[in-house]
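Subject: the structure we talked about

Hi,

Here is the structure I promised to pass on. Have a look at it first, then read my notes below.

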Amino acid sequence: RIREEETIRRRLHNTIQELKGNIRVFCRVRPVSSSESASKAETTTALIKYPGQEGREIEFSNSTESARGSQIEKVYPFTFDKVFQPSSKQEDVFEEISQLVQSALDGYNVCIFAYGQTGSGKTHTMEGPLNASRESMGMIPRSVLQIYETAKALESKGWSYTMEGQYVEIYNESINDLLGSDGLDTTRKHEIRHGPNGKTTITDITTVVLTSPEKVAALLKKAAHNRSVGSTQMNERSSRSHCVFTLRLAGKNSITDESSEGVLNLIDLAGSERLSQSGATGDRLRETQAINKSLSCLGDVIYAIANKDPHVPYRNSKLTYLLQNSLGGNSKTLMFVNISPLMSNFNETLCSLRFATKVNSCTIGTATKRAVARSFTEKITNTANSYIGGAKQT
Ligand code: ADP
Ligand code: MG
């Protein structure tokens with residue numbers, strides 16, 4: 001009976017996930033901070049509207065002076081799989097991803113990205129503030145907690161899981177171990193290896209066997225510490241590097257004899273702001289080029305996957321090469337596009353929304369759902385029309 005129950009549970013879960021699509025994009029607008037609202041210059045916020053009943057639409061607009069001096073309002077509408085308004089709580093956001101997180105326990109590979117300019121709320125979304133209260137915890141600690149809980153509940157169905165965690169930084173197209181015992185050692189070289197079994201490993205990297213949620217909290221703290229030690233200006237550095245947290249889940253069922261291997265990757269991307277290349281030289285120039293290249297490459301990879309292109313350019317950046325086995329195929333991808341409500345960030349926000357739209361508009365899930373809805377409406381209309389037409393003739 002447990003075998004049957006397991007099959008049904010998995011099938012139901014997978015059907016729901018498939019309906020939602022393998023690539024999803026969520027937009028999250030951060031609130032104005034108290035220090036921003038204290039300083040007048042910064043408080044000017046862009047006009048943002050959230051039309052539609054389903055919480056999927058956002059309208060972004062600015063008011064510009066035309067040559068004649070009259071006010072013209074330009075409205076930029078976007079639709080995503082979900083839009084989170086500034087008032088959304090971490091809990092609300094997690095609720096929308098918790099099923100996806102669980103699918104790693106069923107053997108899926110999952111990637112959750114946070115994309116956006118520096119200061120738009122990526123780290124807040126993924127990790128939450130340092131020493132966060134339960135309420136303000138971000139997606140990484142919430143995901144881990146939920147995985148523990150679910151794994152525990154599945155014990156009664158014969159499942160036992162081992163969980164391993166890694167945390168790396170990709171900076172200037174090279175990988176650094178954020179869990180190294182001697183701090184951040186950037187002289188150490190780490191190579192990416194893809195095994196024949198679809199398993200990705202990084203050479204010489206710290207892997208922590210996670211036996212309790214407390215171990216995960218300690219791991220996150222250590223990563224944050226190593227990051228800050230590696231640089232005098234932590235924010236400077238973290239905005240120029242991608243941070244990839246990887247959780248490997250290997251399950252075995254003693255009753256049904258099944259086994260599963262899933263991977264959950266949570267990625268806090270480098271800031272997407274277009275740093276001016278003109279003035280930059282040396283290290284800064286290299287950094288800028290590396291970020292631009294890897295972010296556009298990530299967009300290209302997701303685009304190629306969603307379009308079912310035969311060639312997916314995974315090898316064009318370290319980030320996509322590392323995540324190759326967790327992007328495409330059966331894998332599930334979710335991208336948060338984090339945006340700032342401030343008028344001073346308007347242009348960058350528009351760029352982020354456009355990047356996300358490129359990734360989103362081609363996603364099979366959403367596109368198919370829309371196409372199905374459209375053809376259904378057409379069918380009804382045609383049927384109705386022919387009926388009316390037919391009725392008229394008689
Ligand atoms: P990023 O990682 O994209 O550079 P942060 O996550 O560090 O941006 O966010 C910038 C600031 O805004 C931080 O002080 C953070 O605590 C705050 N912040 C971001 N998003 C939210 C949110 N949803 N609710 C409350 N504060 C937020
Ligand atoms: Mg950050």
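For the ligand shell, I sorted residues this way: Ala, Val, Leu, Ile, Met, Phe, Trp, Tyr, Cys and Pro are nonpolar, Asp, Glu, Lys and Arg are charged, and the others, Gly among them, are polar. By that sorting, the shell around ligand 1 has two nonpolar, 10 polar and two charged residues. Please keep in mind that this is a predicted model.

**Around the ligand**

Ligand 1 has 14 residues around it, and the ones that come nearest are Arg30, Gly121, Lys122, Thr123 and His124. Helix H5 (residues 122-126) supplies the largest share of that shell, with three residues.

**The core**

The largest nonpolar core holds 77 residues, and Cys27 and Ala356 have the most contacts inside it. Leaving out residues up to four places away in sequence, Ala356 touches Val25, Cys27, Phe80, Tyr115, Met335 and Val337.

Just after H9, Lys308 has a positive phi of about 55 degrees.

Among the buried residues of H6 are Met139, Ile140, Pro141 and Arg142.

Strand S12 (residues 242-253) is mostly covered, with nine of its 12 residues buried. S12 pairs with strand S7 (residues 159-171) in the antiparallel sense over 12 bridges, and Ser160 stands opposite Lys252 of S12. S12 also pairs with strand S13 (residues 259-268), again antiparallel, over 10 bridges. Here Ala250 has Glu261 in S13 as its bridge partner. The hairpin of S12 and S13 has five residues between the strands, and Asp257 in this hairpin takes a positive phi near 70 degrees.

**Some backbone angles to look at**

Most residues other than glycine have a negative phi. Is Asn172 buried, exposed or partly exposed? Asn172 counts as partly exposed because it has 16 C-beta neighbours inside 10 Å, and a residue needs 20 or more to be buried.

Asn172 also brings us back to H9. Gln289 lies in that helix, and the C-alpha atoms of Gln289 and Asn172 are separated by 8.5 Å, although the two are 117 residues apart along the chain. Gln289 is partly exposed too, since 15 other C-beta atoms lie within 10 Å of its own.

Asp204 is another residue other than glycine with a positive phi, near 60 degrees. You will find Asp204 in the loop between strand S10 (200-202) and strand S11 (208-209). With 12 other C-beta atoms within 10 Å, Asp204 is exposed, because 12 or fewer is the cut-off for that class.

That's what I have so far.

Cheers

Key. Residues numbered from 1 in each chain as written. Chains lettered and ligands numbered in written order. Predicted model: local features only at pLDDT ≥ 70, side-chain atom pairs only at ≥ 80, totals over all residues. Near = placed C-beta within 6 Å. Helix = DSSP H or I, 4+ residues; strand = E, 2+ residues; numbered from the N terminus. Core = buried A, V, L, I, M, F, W, Y, C linked by C-beta atoms within 7 Å. Contact = placed C-beta atoms within 7 Å. Pairing = 2+ DSSP bridges.
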